[in-house]
Amino acid sequence: MANRVMNESQIIDVIWGATLLGGGGGGSLKNGMDLLNKYKKDHPGEINLNLLECSDLDPFNYAAVTAGMGAPKAIKDVDFSAYATNAYNALSDLAMKMDPPRRLKYSIAVEMGGFNTFVPMLISLVNGIPFIDADGAGRAVPALNTLLLHINGLDTSPLAMADGKNNRVTIEMANAKDAELAEEIGRHICMAFNMMSGLSGWMVRRDEIEKYLPCGTVTLAEKIGKVLRAANTKDKFAELKRIGVACHPFCEGEVTKVETITEKGFDYGKVYIKDKAGAQWIIFFQNENLLVTRNDVPIMTVPDIICTYQPESGLPLTNADIEEKMAITLGAIKVDEKWERNPKMFDMWRPFLKRVGYEKERIPYKE
């Protein structure tokens, strides 16, 4: 089915599933649902979102990603609608002034996450443009240079940033692929915008999306969300595996401690979990989960997805949601195969892992 219309319930499934795929980051489910409910309040009536398969895009028009930039705890209780639409519209205006002009006709998610996957869906709803069944990472990531958009060689620049008042900043790099400098500039702008900013960029065409980015991830998130929301399904990972998702649980347990500091637009910290057998698991994160250990032995690293949910409700969690004494299920999801396209991709993760004290090689997903 190349082109289909998603209803409200299916959109909610996507928000739930994208939160789990976010691996601790990408914005909480509550953030995404708050945006959806705000949209419903402002636009009474039936909600319909036009979802487009990658292969069905016009090859000459462009898609752009729109996301939120900032510390998750700062964004958590903010209505982000104006930030997102202001950033996308700023980029669209800039694109038409380029030589030759670029026509932005589609919205695409920068990553998976309860917030950052719904933000570009909101753009599609507000602007009446199709949303693409793909994203820029197949998971959530802590920085622009850890996106597959960058790792697989696509242009970062130009970018547009905006706040809720429509203060706009456009960023045009001399080297369009310089994601690290764009990230540094963007973080400073984000801090000037009080730790919250809409960010739009990464203009891509159909051929680039199909070759370099995970396709079908919105549909995947929808399937995962449907399982998480099902009241009669207690073992979520077993059911996800049954429908073809490469995943497994690590443990069920209780959160004994959460350590978090917010610095330069990031949440850094550790989540400590004591499982039913008495083992201690630690999740190390910088917005997103980077490493998980069991009794101080490393078990898995990024880019494979370290994720958590509440066992009774199936509610997927970000690190901004997790609290001490919370019952939790910790598990793993195999990341999209497009991550294996660049053999040097793990080099992009090394600085982040080094900040949490890990300087060894990648430990990939294993059954």
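So, which residues lie nearest the centre of the largest pocket? Glu183, Glu184, Arg187, Phe266 and Arg355 do, out of 17 residues that line this pocket. Bear in mind that we're looking at a predicted model.

Let's stay with that pocket for a bit. About 390 Å³ of space lies in there. Where does the lining come from? Helix 7, residues 179–192, gives the most, with six residues. Strand 10, which is 266–275, and helix 11, 350–355, each supply at least two residues as well.

Okay, on to the second largest pocket. Its volume comes out at about 260 Å³. Here 13 residues do the lining, and the closest to the centre are Leu220, Lys334, Val335, Asp336 and Glu337. By class, you get seven nonpolar residues again, but this time with three polar and three charged ones.

Helix 4 covers residues 81–96 and helix 5 covers 118–127; their axes come within 10 Å and cross at roughly 75°. Angles from 65 to 115 degrees count as roughly perpendicular, so that's what we call helix 4 relative to helix 5.

Who's touching whom? On the helix 4 side, we have Ser81, Ala84, Thr85, Tyr88 and Asn89, and they meet Val119, Leu122, Ile123, Val126 and Asn127 from helix 5.

Technical notes
Residues are numbered from 1 along each chain as its sequence is written. This is a predicted model: local features need pLDDT of at least 70, side-chain atom pairs count only at pLDDT 80 or more; totals for chains, interfaces and linings use all residues. Side-chain values use heavy atoms; hydrogens and water are left out. On a 1 Å grid over the protein atoms alone, a cavity is a set of points where a 1.4 Å probe fits but cannot get out, and a pocket is an open set with protein on both sides within 12 Å along at least five of seven lines; lining residues have an atom within 4 Å of a point. Grid points are joined across faces, edges and corners, and a volume is the space filled by probe spheres set on the points. Helices (H or I, at least four residues) and strands (E, at least two) are DSSP runs, numbered from the N terminus. Ala, Val, Leu, Ile, Met, Phe, Trp, Tyr, Cys and Pro count as nonpolar, Asp, Glu, Lys and Arg as charged, and the others, Gly among them, as polar. Axes are lines fitted to C-alpha atoms, for helices over the stretch in contact, and angles run from 0 to 180 degrees between N-to-C directions. Angles under 35 degrees count as roughly parallel, over 145 as roughly antiparallel, 65 to 115 as roughly perpendicular and the rest as oblique. Contact means heavy atoms within 4.5 Å.
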